Amino acid sequence: LNDITTLEGKNNKTALRFIDNQLIIGNFKINIKERDLKNPFYQEALKYGVKYCRLIRKPFNKGFRYYVELVLEGTSPRKDIIGNGKSGIDIGTSTIANTSKDNCILEELAPKAKDYDKEIADIQRHMDNSKRISNPQNYNENGTIKKGKKTWTYSKTYYKLLWKLKATYRKKSAYIKQSHNILAKKIIANCNVIYTEKMNFKALAKKSKETKRQEKASSVQKKDGTVIEVHKYKKKKRFGKSITNRAPSQLMNTIKKKLTSQGGFFYEVNTQKFKASQYNHIEDKCIPKKLYERSQIINNHWIQRDLYSSFLLMNS
């Protein structure tokens, strides 16, 4: 049961039913507290019938809170305003660049997500300390966990911290979703056609399988001040933490959903045929660049690399 966060029925006639502001489960009836329905969007949406309902639980500091989500029939009312014209999006693991006819956007994705990571790390450290105090028999003198089967005891403080940890993860997820919705609205307000690169963020999040020795030697200064030349190994880590905190794929799905639901068009450009990050439209050729090179000079103009890529995608 701890792994189940949602329950839903196939329709509003069996299992979970929502009738007259009540959730009916078998012979049980639960009164539902409505949220503020003065918003014109809610008033328009609730004119349609309920197709089925979904029971959702979310963790808070003192336990779960339960919500009923209604899935309505028909087409949802238009809430977002889209613009007119073409636009290009260059999406990265932590930033997004957008260029349209009259606007340029270069923003960091979910910039405050890292603040939640600090809070999560503090809570986990306190939980570990509480666990060690309650179970000294399960640890060696050097602090490592003993091998073999063990019995664990958890204090009330540990469970309070556990609920706080779950609530913090929920807040982080809600913040990322809210941040993406605001940014998506800003982008689609300037266009009704979007071109972007097809990205595989799942592959970027994985660790590399091999670590190769770099051919070029690097200078490393030792504690005594002497400098030696060493051949470093490439790290196996890639962009997993950044993608987890920024959720770029979720943002692109949000933009696509908002745009296409109002008659807009969303196109993905093949990166093997059109290399926006390398192409130079003045010289009409691709010039490979290092990942750390974030700007370039083109036709005697200083150009930000991501914005230039989105400009090229807009005209692809």
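Begin with the lining of the second largest pocket, which by class has seven nonpolar, eight polar and nine charged residues (Ala, Val, Leu, Ile, Met, Phe, Trp, Tyr, Cys and Pro count as nonpolar, Asp, Glu, Lys and Arg as charged, and the others, Gly among them, as polar). The model is predicted, so local features need pLDDT of at least 70 and side-chain atom pairs count only at pLDDT 80 or more, while totals for chains, interfaces and linings use all residues. Residues are numbered from 1 along each chain as its sequence is written, and side-chain values use heavy atoms, with hydrogens and water left out.

**The pocket**

Select Met199, Ser277, Leu291, Arg294 and Arg305; of the 24 lining residues, these lie nearest the centre of the second largest pocket. A pocket is an open set of points on a 1 Å grid over the protein atoms alone, where a 1.4 Å probe fits, with protein on both sides within 12 Å along at least five of seven lines; lining residues have an atom within 4 Å of a point. Next, display strand 7 (86–91), strand 8 (95–100) and helix 7 (305–314), the elements that give two or more residues to this lining. Helices (H or I, at least four residues) and strands (E, at least two) are DSSP runs, numbered from the N terminus.

Two strands pair if DSSP finds at least two bridges between them.

**Hairpins**

Move to strand 2 (residues 16–19) and strand 3 (residues 22–25), which run antiparallel and are joined by four bridges. Arg17 stands opposite Ile24, and Asp20, in the turn of this hairpin, has a positive phi of about 50°. Strand 3 also pairs with strand 4 (residues 28–31) in the antiparallel sense over four bridges. Here Ile25 has Phe28 as its bridge partner, and Gly26 in the turn has a positive phi of about 65°.

Finally, select strand 11 (residues 218–221) and strand 12 (residues 227–230), an antiparallel pair with four bridges. Five residues lie between these strands, and Gly225 in the turn has a positive phi of about 95°.
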